[in-house]
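Good morning, and thank you for the time on today's agenda. Please keep the structure in view as I speak.

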Amino acid sequence: MYTLYFAPTANGHKILIMLEALGVPYRIHRINLAQGEQHQPDFARLTIHRKIPLLVDHDQALILPESGAILQYLAEKHLRFLPCVGPERYAVLHWLAWQISSLGPMAGQSYHFIHQEAEGNQYARSRYQEQTVHLFNIVEKALAGRDFIARMYSIADMAIYPWLRIHAQLQVDIQTLPNVTGYLKRMAAREEVLTAYAKGARSTSTLPA
Ligand SMILES: N[C@@H](CCC(=O)N[C@@H](CS)C(=O)NCC(=O)O)C(=O)O
């Protein structure tokens, strides 16, 4: 049994997609970030980061932050969506590391400067937006001739897709990116993705006020 501390952000949805794809039992604790619930003692005592996503594995008494670590943990525990050995394993880990270290931080900052701190921050806004466009173009090239980012469907797709999905909020025009456009359609039609976003939208705050 798992508990996922969650908010409906790109990082949150990565783990919901994985839990749905695995078909394992879990419950969601929605954290209302806008209301600062990540700083409430009930959550803060679980993680010094005070960020979602956070996974609790009740069978192992494990409390795990960081979406990349959570995806790898679940993949290795259930032996799904990450090959155990060989070049295929490292192709998946390469793209997972790329998402965590490049796409997430750049797109996250771009989102922040577009939506939260636009005033007086034109340089930062342009810088992060250019970087984000550059990273979308990398995905476009990587997807040439393949359906998924590391060929086989994997935790790398679960990590990358939620960030590509919010291209409109990131103000990235994907009209000239046919591979990205096709990938978004392919991913959006998957059962676990549909269910994850539906459950994420329905989730409500469960921390005591
Ligand atoms: N590197 C972390 C990033 C987690 C993260 O930035 N979470 C955001 C929401 S997407 C958060 O909890 N923000 C609340 C805050 O910073 O107070 C991961 O991949 O899990």
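I shall speak about the ligand and its surroundings, and then about the salt bridges.

Please bear in mind that this is a predicted model.

Let us begin with the site. The ligand sits in the largest pocket. Which residues are around the ligand? They are Thr9, Asn11, Leu33, Gln38, Lys51, Ile52, Pro53, Glu66 and Ser67.

In the case of Lys51, an N or O atom of the side chain is 2.5 Å from an oxygen atom of the ligand. With Ile52, the backbone takes part: one of its polar atoms there is 2.8 Å from a nitrogen atom of the ligand. Glu66, by contrast, uses its side chain, where a polar atom lies 2.8 Å from a nitrogen atom of the ligand. How much of the ligand does the protein bury? Taken alone, the ligand exposes 510 Å², and the protein buries 72% of that area.

I turn now to the salt bridges. The structure holds 5 salt bridges, and one of them joins Lys199 to Glu20. The closest N and O atoms of that pair are 2.8 Å apart. Where in the chain do the two partners lie? Lys199 belongs to helix α8, which covers residues 191–202, while Glu20 belongs to helix α1, which covers residues 10–22.

Thank you for your attention.

Conventions
Residues numbered from 1 in each chain as written. Predicted model: local features only at pLDDT ≥ 70, side-chain atom pairs only at ≥ 80, totals over all residues. Heavy atoms only, no water. Near = heavy atom within 4 Å. Polar contact = N/O pair within 3.5 Å; in protein donor to acceptor, adjacent residues only side chain to side chain. Areas by Shrake-Rupley, 256 points an atom, 1.4 Å probe, with all protein chains shown as cover. 1 Å grid on protein atoms, 1.4 Å probe; cavity = no way out; pocket = protein on both sides within 12 Å on 5 of 7 lines; lining within 4 Å. Sits in = over half its atoms within 2 Å of the grid points. Salt bridge = Lys/Arg side-chain N within 4 Å of Asp/Glu carboxyl O. Helix = DSSP H or I, 4+ residues; strand = E, 2+ residues; numbered from the N terminus.
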